[in-house]
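Okay, thanks everyone, I'll keep this short. Let me put the structure up and then walk you through it.

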Amino acid sequence: MSTWPTVLLACALAYLLKLAGYLVPGRWVEGRRRSRVTTLLPVALLAALVAVQTVAGDGGGLVLDARAAALAAAVVLLLLRANFLVVVVGAGAVAAALRALGWT
Amino acid sequence: MSPSVAREGSDGPEAPLPRDRRREVVRQSLYVGGATGAYGVSFGALSVASGLDVAQTQVLSLLLFSGGSQFAVAGVLGAGGGGAAAVATSTLLGVRNGLYALQTSRFLGVSGVRRLFAAQLTIDESTAVGVGQPEPPAQRLGFWLTGLTVFVGWNLMTLLGALVGNALGDPRRWGLDAAAAAAFAALLWPRLRSGDAAATAVLAILIALVTTPFLPAGVPVILAALAALVVGLRRPGRHEADLEGADGTLPGSDPVP
């Protein structure tokens with residue numbers, strides 16, 4: 001898929017999911033286990049995205065580089081209850097600084 | 001009509017919101033909406049850094065309008081993943097908005113065109129502010145005002161971020177690839193309150209790391225969704241039978257399997 005179809009399909013499906021909640025009867029998604037799974041779904045995906053964005057190399061292997069140090073900085077900022085933007089900008093700044101010093 | 005009258009009892013159909021409560025809800029909505037809208041700048045910058053153009057970035061904020069899913073589309077494409085993997089990850093992350101809609105539809109009472117607009121504004125923040133109010137008029141005000149404030153702020157800041165990101169040039173030099181990982185971590189952080197959530201995150205990270213060298217980019221993330229199934233469908237032990245709700249508000253009482 002080239003980029004535009006990807007973007008538009010993602011938009012359409014996201015909207016249909018939102019709209020579905022207004023159209024389907026609530027009992028379809030009730031139930032303890034089902035709600036546990038749907039609560040945990042974003043946790044699993046976001047955790048995997050953190051991992052892949054941090055250590056996936058260009059060729060498909062795993063690499064430890066400035067991104068890992070930046071993620072560590074992000075975790076420290078999150079522990080300090082920093083605001084979202086501070087976390088994102090802070091991590092980017094750590095990676096940029098390390099690369100400027102010659103550490104990829 | 002009848003159901004709400006019955007529920008309201010002697011208060012009549014629905015008392016209007018007192019002025020101080022109204023001001024309180026407006027302030028909360030604008031605060032949450034403004035703070036969240038500001039994050040749009042990071043999405044805009046990261047999206048163009050991962051190879052989308054300004055128009056595609058803006059369309060995601062206008063039409064997809066759900067932060068986690070938008071970051072996922074940009075992140076998966078930027079990491080060299082295929083369109084199908086990007087759409088699948090984005091859509092799986094968007095499932096929660098449908099669940100929010102089940103809750104908001106109960107107090108919004110919308111139909112027709114208003115329902116179509118309400119659906120687009122059904123995201124984490126509008127739902128949280130709406131559901132957080134005790135009385136229905138405040139729930140509706142909180143939902144709509146928060147949703148609209150986020151929408152306007154998020155889109156304006158996306159444009160700003162995309163233009164700035166384009167001007168910056170090489171994204172790696174500015175650490176924008178690392179900033180993307182931090183954005184996902186910041187989105188994940190508030191969801192890690194229960195033992196189940198922590199177990200899911202650990203399992204998902206393991207699945208993603210182990211499969212990344214062998215599978216096309218983007219696919220390991222989708223495979224990691226299995227972690228939610230494994231942990232979520234696990235038969236709850238008797239000791240946790242009285243844990244209320246899915247988000248497990250009692251961390252620590254649920255040891256990792």
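This is a predicted model: local features need pLDDT of at least 70, side-chain atom pairs count only at pLDDT 80 or more; totals for chains, interfaces and linings use all residues.

Residues are numbered from 1 along each chain as its sequence is written, and chains are lettered from A and ligands numbered from 1 in the order in which they are written.

So, chain B. It has 13 helices and 0 strands; helices here are DSSP runs of H or I with at least four residues, strands are E runs with at least two, and both are numbered from the N terminus. Of its 257 residues, 53% count as buried. Buried means 20 or more other C-beta atoms within 10 Å of a residue's own, exposed means 12 or fewer, and partly exposed is in between, with C-beta atoms placed from the backbone. Two residues are in contact if those C-beta atoms lie within 7 Å. Among chain B contacts with a separation of 6 or more, 71% come from residues 24 or more positions apart.

Now, the helix I'd like you to look at is H3 of chain B, residues 40-49. How many of its residues are buried? It's 10 of the 10, so H3(B) is largely enclosed by the rest of the structure.

Next, H3(B) against H4(B). Their axes come within 9 Å and cross at roughly 140°. Axes are lines fitted to C-alpha atoms, for helices over the stretch in contact, and angles run from 0 to 180 degrees between N-to-C directions. Under 35 degrees counts as roughly parallel, over 145 as roughly antiparallel, 65 to 115 as roughly perpendicular, and the rest as oblique. H3(B) and H4(B) are therefore oblique to each other. On the H3(B) side you'll find B:Gly40, B:Phe43, B:Gly44, B:Ser47 and B:Val48, meeting B:Val54, B:Thr57, B:Leu60 and B:Ser61 in H4(B). By class, that contact has 4 nonpolar, 5 polar and no charged residues. Nonpolar is Ala, Val, Leu, Ile, Met, Phe, Trp, Tyr, Cys and Pro; charged is Asp, Glu, Lys and Arg; the others, Gly among them, are polar.

Zooming out, chain B is divided into domain 1 (19-173) and domain 2 (192-235 + 246-257), with bounds from an automatic or database domain assignment. Their centres, over C-alpha atoms, are 25 Å apart. The contact takes 10 residues from domain 1 and 7 residues from domain 2.

Last, the two chains: 64 residues of chain A are in contact with 85 residues of chain B. H2(A) gives the most to the chain A side, with 22 residues. That side has 47 nonpolar, 12 polar and 5 charged residues.
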